[in-house]
Amino acid sequence: MNAGLRKAIRIIAAAALIISLCVLIMYVYDDYRSMKNDERVSGLKGQNEFVIPDVLPEYSALYDENNDTIGWLKIEGTAIDNVVMYAPDEIEKYLHTDFYGDYSYRGCLYVDEYCDIFRSDNIIIYGHNMKDGSMFGALMGYADEGFYENHKLITFDTIYEKQTYEIVAAIKTAIPPEGDDCFRYYEYTGADDDEMFSEYVKFINENKLYETDARLEKGDSILTLSTCAYHEDDGRFIVVARKI
């Protein structure tokens with residue numbers, strides 16, 4: 001065997017050894033990474049454990065009929081006494097859709113898609129301002145302080161829990177033009193953010209129509225009811241309440 005052939009064989013053998021070592025290292029690393037991932041996954045078990053509660057018996061038939069049902073909103077002494085829907089994967093699904101999925105100009109009351117019904121500090125519910133007082137037509141009554149004095153509480157039961165809220169403020173506002181650097185109430189769904197909460201409280205204090213008996217504090221569960229209003233272009237009328 002000549003020297004050239006021996007050299008070629010040694011090179012091939014060395015290359016084969018290097019490739020084998022690389023494959024072995026790859027398998028060893030993959031096993032190590034898998035083991036670490038298993039440890040990480042096991043460590044997550046039980047953290048931030050959250051179990052969806054059972055549906056309350058009085059809402060079970062509604063939920064069975066339409067799984068988008070999330071609760072019921074009622075203001076005693078008004079026409080507001082309606083089912084509330086929640087479809088986070090379909091933007092404004094119930095803007096013009098009734099409970100049974102058919103077209104309806106008045107739609108349904110529905111929770112903002114960006115709210116988390118379990119974790120958001122501020123649950124925003126939208127409804128049309130109907131002239132016959134249905135949906136959120138009666139909400140405009142809160143423009144008058146006397147109306148507030150007689151209707152200070154809101155009942156908003158989720159399908160999982162009975163809840164009562166007290167009115168904090170009634171506000172006439174509007175959707176700001178695109179690009180305007182200003183606070184937008186409908187973007188605040190609540191978070192562990194002191195600055196955002198302070199902006200929300202400032203917005204309320206600067207725009208509320210009159211004083212009420214309630215004030216917002218950090219950590220409150222907030223309910224915001226929003227409907228169209230016609231005092232200006234893209235006008236909105238909102239009622240803000242806190243859970244008691």
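This is a predicted model: local features need pLDDT of at least 70, side-chain atom pairs count only at pLDDT 80 or more; totals for chains, interfaces and linings use all residues.
Residues are numbered from 1 along each chain as its sequence is written, and side-chain values rest on heavy atoms, with hydrogens and water left out.

The protein chain has a mean pLDDT of 87, with 84% of its residues reaching 70 or more, where pLDDT is the predictor's confidence in each residue on a scale from 0 to 100. Confidence is lowest in helix α1 (residues 3–44), with a mean of 66, and highest in strand β3 (residues 109–111), at 98. The chain holds 4 helices and 8 strands, assigned as DSSP runs (H or I over at least four residues for helices, E over at least two for strands) and numbered from the N terminus. Read from the N terminus, the order of these elements is α-α-β-β-β-β-α-β-β-α-β-β.

Of the 244 residues in the protein chain, 40% count as buried, a class defined by a relative accessible area under 20%, with exposed meaning over 50% and partly exposed the range in between (1.4 Å probe, protein chains only). The chain exposes about 14,700 Å², of which carbon and sulfur atoms supply 52%; accessible areas come from the Shrake-Rupley method with a 1.4 Å probe, and for residues only the protein chains shown count as cover. Among contacts (heavy atoms within 4.5 Å) between residues at least 6 apart in sequence, 61% join residues at least 24 apart.

Strand β5 (residues 153–158) takes part in two pairings, where pairing requires that DSSP find at least two bridges between the strands. Strand β1 (residues 69–74) is joined to β5 by 4 bridges in an antiparallel arrangement, and within this pairing L73 has F156 of β5 as its bridge partner. Strands β5 and β6 also run antiparallel, joined by 3 bridges, with T155 partnered by T164 of β6, and a hairpin connects β5 to β6 through 5 residues. T158, itself in β5, is buried at a relative accessible area of 7%; beyond its neighbours within four places in sequence, T158 is in contact with L56, Y59, I70, G71, I117 and Q163.

The largest nonpolar core, comprising 60 residues, has L73, I125, Y142, I154 and L225 as the members with the most contacts inside it. Strand β6 (residues 164–174) gives the most to this core, with 6 residues. Such a core is a set of buried Ala, Val, Leu, Ile, Met, Phe, Trp, Tyr and Cys residues joined through side-chain atoms within 4.5 Å. Apart from neighbours within four places in sequence, the contacts of I125 include L73, F156 and L225.

C115 is buried, with a relative accessible area of 2%, while C228 is partly exposed at 30%.

Most residues other than glycine have a negative phi. E92, which is not a glycine, has a positive phi of about 50°; E92 lies in the loop between β2 (81–85) and β3 and is partly exposed, with a relative accessible area of 43%. M135, also not a glycine, has a positive phi of about 50°, but M135 is located in the loop between β4 (122–126) and α3 (145–150) and is buried, at 10% relative accessible area.
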